[in-house]
Amino acid sequence: MDLNLFGFLFGKKQNDPLQSTVDDQKTTPSFVPPDDYDGSVVIDAGGFLSTVFDFGSNYRDENGLVQHYRSMSLYPEVDMAIEDIINESIVFDDNKKSVELNLDQVTSLSDNIKFKILNEYKSILKLLDFSNKGFEIFRRWYIDGKVYYHCVIDVTKPEKGIVELRPVDPLKIRKIRKVERENKIINGIQTPVVKKMEEFYVYTDIDPDSIMPTSNVGMKISVDSIAYAPSGLIDHSSKRVIGYLHKAIRPLNMLRQIEDAVVIYRMSRAPERRVFYVDVGSLPKQKAEQYMRELMNRYRNRLIYDQKTGEIKDDRTHLSMLEDFWIPRKEGSRGTEITTLDGGQNLGQMEDVDYLQRKLYRALNVPISRLETTTGFNMGRTSEITRDEVKFYKFIERLRMKFSYLLLDLLKKQCILKGILTLNDWEKISQDVIFNFNKDSYFNELKENEILREKVEMLNILANFTGTFYSTNYIRKNILKMTDQEILQIDSEIEQERQKQIQQQMQAQAALPPEEQQ
């Protein structure tokens, strides 16, 4: 038996932004269901309750993976790398702003609509409390590999928009894509094509501290009621969303093992121990062993005086692997002898541990120089910036782009609920919506300044050849790398500045005495 959806859905053909039916599918037949690489579980059409049981095993596996990521984040080296990544990704300015909305590329909307969208974006940031919790939200998304938010609205007045955003534990929710197929004759061959597709979320209240779910009853939630941002990394064998810590699992396990082995070796080999070679003469084996035990007990026992009771106590100490060795010698040997067994040598060598630490940082895409505490911070020219720092900066940009899907999804729901845009309008402009994150990379500023300096020097070189071998339009497009829109904008600004300068000259001329005016 199928259950009704909980939440709200957007419709494309209805004026009411809320509806309880699924959107119409495209009329073009296909035998492959659409895949957004978001970790959705694709199932064949069936009952809702059977859906809960069908994906149960995958759900438990994914829970174990998320919990493993969380335990990894508590390891000191991993936590230090995560801090470097998040500190570079989320940078707050003096006004506690870290990311701004840019609608300059959206040319199909009026300035009034853009102003409303900007105001709704500010309200979204307030609902997230991003100025205070932006760092924690990004950290949670990076570690878990996904983040979910339930969009709470007033169903009696949906035009109020989102009134509250509640985070959902990724261990309790999963996105489902249910596909209904039908057989059609295509080119004389019976082919199962996709007839209808339905997407929804299943929320199961489970114990977050346990990998095994405590309940097999789930709630079916509409896809528009949940804001979801995955990491963008998919395990193509299992179709599960994986986090950015996934490839660091093996290096971290190896690092833990080698550190434990080093500690055990140092504890067992660090102390110096005595070796007792005891002459047992020609005693038989049993008598020799008995003599050895009596001798060992004699040296292990010592009498002490207890000041509290006034009694003499026999304090027995037990021999362990870290203490002395007792070895019998037969008749004719060198007799009883006591020597010292040296402790382990080269206990200060940590090449294996250092190697695995560097490998762990490579797996996390963090420059190795940030692991070395003795390496100073270089604020020189871009030619002095290491290749690893350049790669790390590009990695941060990819993380920001993936994380911005959460803000984009929330802004979409808010604008549609408040009637600012329709679903069709949003689909037309969504590709042009840009989120600008604050940058705290000194390298980026150096790079831009040096690129501009090189372009100006090239303009000075080509000044004598402009109009003869190179045209102004060619220099703008190929040397300065300007677009047609930038060229028109700059020409317009130059013309405005020229007209303003002419007006200032005319005003200054008019202010002169008549005899000085030309």
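Author: Ile226, Tyr228 and Pro230 point one way from strand β8, Ala227 and Ala229 point the other way, and all of them are buried. Buried means under 20% relative accessible area, exposed over 50% and partly exposed in between, with a 1.4 Å probe and protein chains only. Helices (H or I, at least four residues) and strands (E, at least two) are DSSP runs, numbered from the N terminus.

Reader: What should I know about the model and its numbering?

Author: This is a predicted model, in which local features need pLDDT of at least 70 and side-chain atom pairs count only at pLDDT 80 or more, while totals for chains, interfaces and linings use all residues. Residues are numbered from 1 along each chain as its sequence is written, and side-chain values use heavy atoms, with hydrogens and water left out.

Reader: Is strand β8 largely enclosed or open?

Author: β8 covers residues 226-230, and five of the five are buried.

Reader: Which residue of β8 is the bridge partner of tyrosine 148?

Author: The pairing of β3 with β8 is antiparallel. On the β4 side, cysteine 151 stands opposite leucine 165. In β8, the bridge partner of tyrosine 148 is tyrosine 228.

Reader: Is lysine 146 buried or exposed?

Author: Lysine 146 has its place in strand β3. Contact means heavy atoms within 4.5 Å, and, leaving aside neighbours within four places in sequence, lysine 146 is in contact with Glu62, Arg140, Trp141, Pro170, Tyr228, Ala229, Pro230 and Val241. At 2% relative accessibility, lysine 146 counts as buried.

Reader: At what angle do α5 and α9 pack?

Author: Phe130, Ile137, Phe138, Trp141 and Tyr142 in α5 meet Phe395, Leu399, Lys402, Phe403 and Leu406 in α9. Angles of 65 to 115 degrees count as roughly perpendicular, under 35 as roughly parallel, over 145 as roughly antiparallel and the rest as oblique, and α5 and α9 are therefore roughly perpendicular to each other. Helix α5 (residues 130-144) and helix α9 (residues 387-417) have their axes 11 Å apart and pack at an angle of about 105°.

Reader: Which residue takes a positive phi in the hairpin of β5 and β6?

Author: Strands β5 (residues 173-186) and β6 (residues 189-204) pair in the antiparallel sense over 14 bridges. One of the pairs sets lysine 175 against tyrosine 201 in β6. The hairpin has two residues between the strands, and the residue with a positive phi, near 55°, is asparagine 187.

Reader: What share of the protein chain is buried?

Author: The chain has 13 helices and 16 strands. Of its 518 residues, the buried ones make up 36%.

How values were computed. Pairing = 2+ DSSP bridges. Axes fitted to C-alpha atoms, helices over the stretch in contact; angles between N-to-C directions.
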